[in-house]
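Colleague: I would like a close look at one part of this model, the contacts between charged side chains. Please take them in turn and say where each partner sits.

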Amino acid sequence: MAQTVDWLAVAPPVVLAVAALVVLLLDLWWPGRAAVSTAVSAGAAAVALAAVGYLWTDPRATFCLSADGAPSCSYVVNELTVVLQGVVLIGTFVVLLLSHSDTAGAMPVGETRFLLLASATGALVLAAGRDLATIVVALEVVSLPAFALVGLWRAGRRDAEAALTFFLVSVVSIAVMIYGISLIYGVTGAIHLDRIAAALAEPEGRTAAATAGVVLTLGGLLFKIGAVPFHFWVPDTYDGAPVVVAAYLSVVSKAAGIAGLVIVVGIGFPSYADVWAPLLAVLAVVTMTLGNVAALRQRSAIRLLAWSSVAHAGYMLVPLGASVAADGGLIGAQLSTAVAYLALYAVINLAAFGVVSIVARSAEPTGAIEDYRGLAWAKPAAAVALGFGLVALAGLPPGVAGLWARVVIVDAAVAGGATWLAVAVVINTAIGLVYYLRWTVLLFTPARTKEPRTYRVPMTSGVAVGIALAAGLAFSVLPQLVLGLAGESAGLFG
């Protein structure tokens, strides 16, 4: 039963974990050095990303047991793992750069970097986890630092309320998930996903307890992506948290949820696709519709992006909801589509949040989208980046990356025989155009006052937005870099 550790396989999360401790100690012994803290944190994310790139062509597995036949591993690095970890690390790197100037004021430097790196470490482990115990622990490692990040902002009661809302919904969803896992373990006697899949595929594995366990296990993962009915925390938490923390939750935390979801249903529960796929299909429609309709009423930039994030969680569930075949092939292609959509959404959403964080530091900001009126005259580059992000989120050119993302999930719905899901995506896309274009038009509308609003753009924030914008443009021009993942022959689950 002794297990060896493949240190190269676990290098990305280990690098971030070590860097988190180093940053915390640096802040203790050498306080007030935000530049050093940022350099160490961002450098660690870059090193971890390089390790992920190396592992792309070198699949590995560790923490394996082979008591009865083929080994079952708790930590696996394959193409799926590498793509998900790449999204997490790029998102973390951009957020760390954005946070450099924000932590100079209300947010403590060392604690913020430590919590960001600790949470990202959990997301990396979750992307590689292949047993339910590892996935639950990793999910909590993602969530617990995030609670503290939301509550660290010293701006009054609103941050505490946001953190409490976030915490309470998380507790309920995780409790539901653990109860579901206990049912799965009771039926199968296993926690490794490959063994669970084999047990559930047997005729005797088709029980009411197993069905309930499959459904309940999805609860904690649906919470992380902000899907209905676990979406209540999203608007209040995003609005009460610092902008950079909201950006982190909308990308890295959501990536962790999607990672867990596609891994659990794709590897552990493929034989129960007739149970979880219809459920996720209904939740996809409800989530995207609620998010888009609620966003129509928003005049606050952060709350609008929060409800937009809910809507996009619904879009990400569409390929999963269309996974109606249990033969493995179609399910693999559909789940790969969800991962491709996540990658495209991450970069364009980071571009939008990056500009919002810049405007939030302007003189007397109200937080409303009206603050962005005339941005094209004051900061043309920022206006272009935000405009690109908004039209890409809407699925319009020139934000072609967003258009490709929307097309690929519609194609996934049609391929899965769920034409009604494709129609729901098209209708919701039309609804989303209203609020995305309303904000975009404001960017290029002349300001009402003769004295334009002034904006301070720190170098690190400019670099962060530039990275996100460059990635969005690259995916627009070369969509095959991501959309190739969605093909059945190149599917990550193929």
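Colleague: Which side chain meets that of Glu-370 in a salt bridge, and at what N to O distance?

Modeller: The side chain of Arg-373 does, with 2.3 Å from N to O. The model is predicted, so local features need pLDDT of at least 70 and side-chain atom pairs count only at pLDDT 80 or more, while totals for chains, interfaces and linings use all residues. Residues are numbered from 1 along each chain as its sequence is written, and side-chain values use heavy atoms, with hydrogens and water left out.

A salt bridge here is a side-chain nitrogen of Lys or Arg within 4 Å of a carboxyl oxygen of Asp or Glu.

Another of them joins Asp-274 and Arg-206, at 2.4 Å from N to O. Asp-274 belongs to helix 12 (residues 273-296) and Arg-206 to the loop between helix 7 (193-201) and helix 8 (208-217), so this contact ties together parts that are 68 residues apart in sequence. Helices are DSSP runs of H or I with at least four residues, numbered from the N terminus. Both partners are partly exposed: Asp-274 has a relative accessible area of 46% and Arg-206 has 40%.

Asp-236 and Arg-303 also meet through their side chains in a salt bridge, at 3.3 Å from N to O. This pair links distant parts of the chain, with Asp-236 in helix 10 (residues 233-240) and Arg-303 in helix 13 (residues 301-321), 67 residues apart. Asp-236 counts as partly exposed at 36% relative accessibility, and Arg-303 counts as partly exposed at 21%.

Asp-6, Asp-58 and Arg-60 form a network of salt bridges.

One covalent link can be set beside these contacts. A search of the whole structure finds one disulfide (a pair of cysteine sulfur atoms within 2.5 Å). The disulfide joins Cys-64 to Cys-73, with 1.9 Å from S to S. The link of Cys-64 and Cys-73 is right-handed, with 100 degrees about the S-S bond. Cys-64 is partly exposed at 27% relative accessibility, while Cys-73 is buried at 14%.

Conventions. Buried < 20%, exposed > 50% of the residue type's maximum accessible area, 1.4 Å probe, protein only. Helix = DSSP H or I, 4+ residues; strand = E, 2+ residues; numbered from the N terminus.
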